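Let's get to know this protein model together, one question at a time. Keep the picture in view and look for each part as it comes up.

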Amino acid sequence: MAKILVYNNDTNRMLTFYRELSQAMPYNVNRTLTIREFRGSSNSNILWTDLRCMEAWNSFRYLYGRGIYVGFAFKRPWEGGHGKLSQHYAGLAFDVGQNLTNAGRTTMRNLAISSGIWNFVEPANLTPRWVHFDERQVASGYPMLRNGSKGVYVCILQDALMTIGYNTGGLDGVFGTNTYNSVRSYQRSRGLVVDGIVGVNTWNLLMTQVVGNGPGSNTAN
């Protein structure tokens, strides 16, 4: 059984679902993406994504018109596998089409670009053996977060802070008082401006410390 946190971009609410690995992802249409496919090589039983990403998948899958092999989607930061500010840690990215020929991947990539469904499609020279598309919120990296923020990037923040021993009050995707105090404590420990706002410098230091280094004793599971 997996716990899936989904940020509803329309209502600004975090929703929680519990589903078996064989079941469809929340908001997935016609069971074209199961929990197992989305989780992929991750060992986590806690996953997260947002409504717009699931809607983008539904639209693209319908347009493509046949099954899409998902080689890689979700990872938690401490599991690693990608760069320190990867959209895979946000649950907004897919690496697909590893079972296709080069021509098949070119067709899929061109469709992903021309459709305008995805916020970002990786160029072929960077991902020649798969097709990467995602629903990132900013052009590169992660958005600025502050007290009151909600969503998948808050999940990343809380997961990272908990992994290195800070008390965020849980992993729920809601930037509240405990998360705010943890951010300030972390900033103070690293010689950063102590303002409780997670910007470029805080993200870079935190993710460098956490990505790929395994879970901690306080990591949510």
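Two strands count as paired if DSSP finds at least two bridges between them. Keep in mind that this is a predicted model.

Q: How many bridges join β1 to β3, and do these strands run parallel or antiparallel?
A: In general, strands of a sheet pair through backbone hydrogen bonds, and this can happen in a parallel or an antiparallel way. β1 and β3 run parallel, and the number of bridges joining them is five.

Q: In which sense do β1 and β2 pair, and over how many bridges?
A: Find β1 at residues 2-8 and β2 at residues 13-19. Tyr7 has Met14 as its bridge partner in β2, and Asn8 has Arg13. The pairing is antiparallel, and the number of bridges is seven.

Q: Which residue in the turn between β1 and β2 has a positive phi?
A: β1 and β2 form a hairpin, with four residues between them. In that turn, a positive phi of about 60 degrees belongs to Asn12.

Q: In what order do the three strands of the open sheet lie?
A: The edge strands are β2 and β3 (46-50), each of which pairs on one side only. On average, neighbouring strands of this sheet are turned by 25 degrees against each other, direction ignored. The pairing is mixed, and the order is β2-β1-β3.

Q: Which strands does helix α2 touch as it packs on the sheet?
A: Helix α2 spans residues 51-64, and its direction makes about 75 degrees with that of β3. Another helix to find here is α4, which lies across β1, β2 and β3 and runs at about 150 degrees to β3. As for α2, the strands in contact with it are β1 and β3.

Q: How many of the residues of β1 are buried?
A: A residue counts as buried when its relative accessible area is under 20%. By that cut-off β1 is mostly covered, and the buried count among its seven residues is six.

Q: Which residues have the most contacts inside the largest nonpolar core?
A: This core has 59 residues. Its largest share, nine residues, comes from α4. Those with the most contacts inside the core are Phe94 and Phe133.

Q: Which helices are included in what covers the buried residues of α5?
A: Start from the buried residues of α5, among them Tyr186. Their cover includes two helices, at residues 152-163 and 200-210, namely α4 and α6.

Q: Why does Gln187 count as buried, and what is its relative accessibility?
A: Gln187 is found in helix α5. Not counting residues up to four places away in sequence, Gln187 touches Leu192, Val193, Val194, Asp195, Gly196, Ile197 and Thr202. Buried means under 20%, so Gln187 qualifies with a relative accessibility of 1%.

Q: How far apart in space are Gln187 and Thr202, C-alpha to C-alpha?
A: Thr202 is one of the buried residues of α6, and the buried residues of α6 pack against α4 and α5. Gln187 and Thr202 are 15 residues apart in sequence, and their C-alpha to C-alpha separation is 6.9 Å.

Q: Within what arc do the buried residues of α6 fall?
A: The buried residues of this helix are Thr202, Trp203, Leu206, Met207 and Val210. On the other side of α6, Val200 and Asn201 are exposed. The buried ones line one face of the helix, because seen down its axis they fall within an arc of 110 degrees.

Q: Is Ala124 buried, partly exposed or exposed?
A: Ala124 lies in the loop between β6 (120-121) and β7 (131-134). Buried means under 20% and exposed means over 50%. Ala124 has a relative accessibility of 36%, so it counts as partly exposed.

Notes:
Residues numbered from 1 in each chain as written. Predicted model: local features only at pLDDT ≥ 70, side-chain atom pairs only at ≥ 80, totals over all residues. Heavy atoms only, no water. Buried < 20%, exposed > 50% of the residue type's maximum accessible area, 1.4 Å probe, protein only. Contact = heavy atoms within 4.5 Å. Axes fitted to C-alpha atoms, helices over the stretch in contact; angles between N-to-C directions. Core = buried A, V, L, I, M, F, W, Y, C linked by side-chain atoms within 4.5 Å. Arc of directions from axis to C-beta.
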